[in-house]
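Thanks for coming. I have one structure to go through today, so please look at the sequence and the model while I talk.

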Amino acid sequence: MTSLLAKEQKLNTPTIRQLENGLTIIAEQMPVEAVNLNVWINVGSAKESNEINGMAHFLEHMVFKGTPNLGIGEFEQLIEERGAVTNAATSQDYTHYYITTAPQDFAELAPLQLDVLLNPSLEEEAFEREKLVVLEEIRRSEDNPRRRTFYRSMETCFETLPYRRPVLGPATVIENLRSPQMRDFHGAWYQPQSMTAAVVGNLPVSELIEIVTQSFEQHHSNRQQYQKNTTPSVTPEQSFTEIVRHEYVDESLQQARLVMVWRVPGMENLDQTYALDILAVILGQGKVSRLFRELREEKGLVNQIGVSNMTQTHQGVFYISAALPVENIELVEQEIVQQIKTIQTEPIAIKDIERIRTQVANRFVFANERPSDRANLYGYYYSQLQDLAPALNYPQHIQSISAQDLQQAAQKYLHPEAYGVVVMKPS
């Protein structure tokens, strides 16, 4: 089944092809002398049980440790010889692997990418060696004050959802993982129906699709059959009903950290997220944002402040973070709450909304300049929603948001007397 989306769009005209085995391929020709293949798998730390928390990230490491056809390091050597690049990333909701090659090399290198992805050896000796690398990555992460603050904030925000757990997993779990567990995990999740392959670059669409199709079928046909995955049911948590406050002492800090979080809609309720995206920009993205201008530039109460609307699949987080002197914590929290109350009661000026619309539209254009940008955009949205329209129409959705929409979103989701707050103080 093939469909052409967004014919009216000037920037994006991707073609979607779904193979009989369930693999979805999204392809687009782009007049830039490169081709990017970005393969997304619908598994991340949120799909893991507590007993194997960190397995998806650990597996991402092991995928590059050889196959029956390629020795350890051989894939990277073949990639580097052609001047191509490859890497991967794991999050709560997905894992993705990507490669960028010259167009003339794509037919030769794409099968290698699919081979390491579909047929990792996962041998015991390499598994135990790489476990030490992952454990060191966990230790470095725990030594990072910014990450520690973020982890504590997620634990405060989510009581039950797996978003409260770190993607890397705890060292105590990783230490006890065994390679047969990883083999079962890989076999269950790295199935074609759980995968999206986005490929963009300067080759005809039919050729891009054919190369990916043949590469996948070549390396998937020899796989041992495993029981397919079952996606656990996830129910978003209710909004906070009171202020939930946690304070910590962190000896490594030079100044305090204040984080305030609200539970907000995720990708499963995407229409509810656009107004929150705009509110995040108005409150704390850029030097003209309200919190930056008032709390840093005018009153000098913070050294840094920022706001983001984190749209995860099942539930999002509206996240306000500030670095500040300890003596200013209480006042800054009050000032942030007051800014939210102001947004809830006073309509935002049209000029401010128009400025944000322009920013967002331009960011969308800038995010489409390279094959890797587009493949990333297509792979992310389709793997999470099985729909590309939200990726293509994001600026239009933003431009349709009114002052009333913003006010209603703030009233509904950003309760000024019910949120999570984490304070990290230097000793």
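Which residues have the most contacts inside the largest nonpolar core? Before I answer, a word on conventions. This is a predicted model, in which local features need pLDDT of at least 70 and side-chain atom pairs count only at pLDDT 80 or more, while totals for chains, interfaces and linings use all residues. Residues are numbered from 1 along each chain as its sequence is written, and side-chain values use heavy atoms, with hydrogens and water left out.

Now the core. Leu279, Phe318 and Ile336 have the most contacts inside the largest nonpolar core, which has 63 residues. A nonpolar core here is a set of buried Ala, Val, Leu, Ile, Met, Phe, Trp, Tyr and Cys residues joined through side-chain atoms within 4.5 Å. Buried means under 20% relative accessible area, exposed means over 50%, and partly exposed is in between, with a 1.4 Å probe and protein chains only. Helix α9, residues 274-284, gives this core its largest share, nine residues. Helices (H or I, at least four residues) and strands (E, at least two) are DSSP runs, numbered from the N terminus. There is also a second, separate core of 56 residues, and Phe58, Phe75, Phe127 and Phe216 are among its members.

Let me stay with α9. Eleven of its eleven residues are buried, so α9 is largely enclosed by the rest of the structure. The buried set includes Tyr274, Asp277 and Gly284. Leu279 touches Phe318, Ile343, Ile348, Leu406, Ala409, Ala410 and Leu414, leaving out residues up to four places away in sequence; contact means heavy atoms within 4.5 Å. Just after α9, Gly286 takes a positive phi of about 100°.

Next, a helix pair. Helix α11, residues 329-345, packs against helix α16, residues 403-413, at an angle of about 130°, with the axes 7 Å apart. Axes are lines fitted to C-alpha atoms, for helices over the stretch in contact, and angles run from 0 to 180 degrees between N-to-C directions. The two helices α11 and α16 are therefore oblique to each other. On the scale used, angles under 35 degrees count as roughly parallel, over 145 as roughly antiparallel, 65 to 115 as roughly perpendicular, and the rest as oblique. Where do they meet? Ile343, Gln344 and Thr345 in α11 meet Gln407, Ala410 and Gln411 in α16.

Now the sheet. Five strands form an open sheet in the order β8-β12-β9-β11-β10, with mixed pairing. Its edge strands, β8 (244-249) and β10 (304-310), each pair on one side only. Two strands pair if DSSP finds at least two bridges between them. β10 and β11 (residues 316-324) run antiparallel and are joined by seven bridges. Within that pairing, Met310 has Val317 in β11 as its bridge partner.

Which residues does Gln312 touch, not counting those up to four places away in sequence? They are Gln92, Asp93, Phe158, Tyr163, Gly266, Met267 and Val317. Gln312 is found in the loop between β10 and β11, and it is buried at a relative accessible area of 7%.

Leaving aside neighbours within four places in sequence, its contacts are Leu295, Arg296, Ala322, Ala323, Leu324 and Val332.

A hairpin elsewhere joins β5 to β6 through four residues. Six bridges link β5 (residues 85-90) and β6 (residues 95-101), which run antiparallel, and Asn87 has Tyr98 in β6 as its bridge partner.

Last, some backbone and loop details. Leu122, in the loop between α3 (106-118) and α4 (124-142), has phi near 55°, a positive value in a residue other than glycine. Is Leu122 buried or exposed? Leu122 is buried, at 3% relative accessible area. Gln386 also has a positive phi of about 55° although it is not a glycine. Gln386 lies in the loop between α13 and α14 (389-392) and is partly exposed, with a relative accessible area of 48%.

Gln386 is one of the residues that Tyr381 touches, and Met267 is another. Tyr381 lies in helix α13, residues 371-385, and is buried at 12%. Tyr381 and Ala391 are ten residues apart in sequence and 6.2 Å apart in space, C-alpha to C-alpha.
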